[in-house]
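I opened this structure for a first look. These are my entries, in the order I made them.

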Amino acid sequence: MKKRMLLGLIPLAAVAVGLVVASGAVSSSSSVSTLPSSSCGPVFYKGSGSPQLLIASDLPLQGAGRAQNIDMQKAIQYVLDKQFHFKAGRFTVGYQGCDDSTAQTGAWDAAKCTSNARAYAAERQLVAVLGTFNSGCAKLIIPVLNRASGGPVAMMSVANTAVELTHTAAWTAPGEPGVYYPTGKRNYARLSASDDYQGPAAADLLKKFTKVKSVYILHDNQTFGKGVANGFKARAKQLGIKVLGFQPWDAKATSYEAIGQRIQATGAQSVYLGGIVCNNGVKLIKDLRAALGKKPVFVGPDGFTPYSATLAAGAAADGMYVSYAGLPLEHLGGKGKAFIAAFGKSLGLKKGELPPPYSVYQAQAAQIILNAIAKSNGTRASVTANMFKSRVINGIMGTFHFDRNGDIVPTKAISFDKLSLKKKTGVFVYASILKVGK
């Protein structure tokens, strides 16, 4: 049954510890080694002795999205320190934040994602990875962790939205998602609604709030960008919105004037930007506005968070609609509001100021993983099994669990903010919430 509802670095403490390889349950004397400093920060741990188990996050910490992803790291640290006190059940737990980006690209990098995955698999006491932010990077890491020694390593993302990571859609490739799980066992779950919800919700937004009759679709030709653009295109056609173009933009281009002129010639009343701001998104928005003027409505997915990055385009980004894959922070329940207040204070935010949505969701993911560890025998396979058994009741993100694919159910939520240059942030305008089953 489906029912749709509409709604208007903390300093890190380094610890030198030794590696103990265990094939079964973890003993109380086990401790972890550190992941490579070329990608990861030092172990964050303030408990007694040395941590027995390790969790890591895998996020792009360089480029336009850096601010949001640093706050996502801080959310994990906050939960581990303030709520769990570095202990999950009988196990002490340390954390390392790892970077999957490079200074050269200013975004996630395929080689870095692959090398990180190998490091995670090799560190036998690492039992879970919180990440990634980008779906293309997840495609590289999931299969490596899936066939890791000691059982598939649990991986949970709050931001991956590519459909094919967990299930299929009209545009997914043959063999997906099975190719990402070579052992035949699932080890990946996500808190975000996928792009077969995010893309269509943006078309619904245009129909409901802007009354536009035509759109030109651009995408960055990456896993996430092209996928969410395909989801948007299918729904736009269903709603009678004319799709006047569907083409990629080159992240390395020095000018997008030609694309702007091409869109102008079609008379499109709106532009959908399927991709991430790190792929030269600021320059793209500026050049498109210069060619099209203020009238066309711009809409983009969560790849255009954090808002501070997109608002670097200045007046060109003012009024742009940006979605994010989750419940609007303004409508979270008591646990969510309490966490936002406490975590926001730790970030130094002013009263009423909200942290980035994905940092709040990251805290929920950290809680799930730490509770899975607490219920486990300390092995990778046991942590993964308990991650899938998780049932959150009145948590930060409400009440939910995961289906057999690793997708969040029963609520699929996509929220939209309208960027405001004056307020230097986004203002909530709309949410599409789909209830699927029980």
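I began with pairing: two strands pair if DSSP finds at least two bridges between them. Helices (H or I, at least four residues) and strands (E, at least two) are DSSP runs, numbered from the N terminus.

I noted that this is a predicted model, where local features need pLDDT of at least 70, side-chain atom pairs count only at pLDDT 80 or more, and totals for chains, interfaces and linings use all residues. Residues are numbered from 1 along each chain as its sequence is written, and side-chain values use heavy atoms, with hydrogens and water left out.

**Entry 1: a hairpin**

I looked up strand E16 (residues 411-420) and strand E17 (residues 425-436). They pair in the antiparallel sense, over 10 bridges. Within this pairing, I found Ala 413 opposite Ile 433 in E17. E16 and E17 form a hairpin, and 4 residues sit between them. In the turn I checked Lys 424, which has a positive phi of about 60 degrees.

**Entry 2: the whole chain**

I counted the secondary structure next: 11 helices and 17 strands. How compact is the chain? Its radius of gyration is 21 Å, close to the 22 Å from the globule rule for 438 residues, so the chain is as compact as a globular protein of that length. The radius is taken over C-alpha atoms, and the rule is 2.2 Å times the number of residues to the power 0.38. Along the principal axes, the C-alpha atoms fill a box of roughly 70 × 40 × 40 Å.

Buried residues make up 61% of the 438 residues. Buried means under 20% relative accessible area, exposed over 50%, and partly exposed in between (1.4 Å probe, protein chains only). The chain exposes about 16800 Å², and carbon and sulfur atoms supply 53% of that area. The areas come from the Shrake-Rupley method with a 1.4 Å probe; for residues, only the protein chains shown count as cover.

I also looked up charge. The chain has 50 positive and 23 negative side chains. Lys and Arg count as positive, Asp and Glu as negative; His and the chain ends are not counted. The centres of the two sets lie 7 Å apart, with each charge placed at NZ of Lys, CZ of Arg, CG of Asp or CD of Glu.

Which strands are at the edges? E6 and E7 run parallel and are joined by 3 bridges. There I found Met 155 opposite Tyr 188 in E7.

Another open sheet has 3 strands, ordered E13-E14-E15, with antiparallel pairing. Its edge strands are strand E13 (391-395) and E15, and each pairs on one side only. E13 and E14 pair over 3 bridges in the antiparallel sense. I looked up Arg 391, and its bridge partner in E14 is His 401.

**Entry 3: salt bridges**

How many salt bridges does the structure hold? I found 6. Each is a side-chain nitrogen of Lys or Arg within 4 Å of a carboxyl oxygen of Asp or Glu.

I took Glu 164 and Lys 139 first. Their side chains meet at 3.0 Å, N to O. Glu 164 lies in the loop between strand E6 (154-157) and strand E7 (188-190) and Lys 139 in helix H3 (residues 135-146), so this pair ties together parts 25 residues apart in sequence. Both residues are buried. Lys 139, Glu 164 and Glu 176 are linked in a network of salt bridges.

Next came Asp 407 and Arg 190, also a salt bridge, at 3.0 Å, N to O. This pair links distant parts of the chain, 217 residues apart: Asp 407 is in the loop between strand E14 (398-402) and strand E15 (408-409), and Arg 190 is in strand E7. Asp 407 and Arg 190 are both buried.

**Entry 4: helix H7**

A further salt bridge joins the side chains of Asp 287 and Lys 283 at 3.3 Å, N to O. They are 4 residues apart in helix H7 (residues 281-292), so about one helical turn separates them. Are these residues buried or partly exposed? Asp 287 counts as buried, at 9% relative accessibility. Lys 283 is partly exposed, at 30%.

I finished with Leu 284, which lies in helix H7. At 0% relative accessibility, Leu 284 counts as buried. From Leu 284 to Leu 349 is 65 residues in sequence and 31 Å in space, C-alpha to C-alpha.
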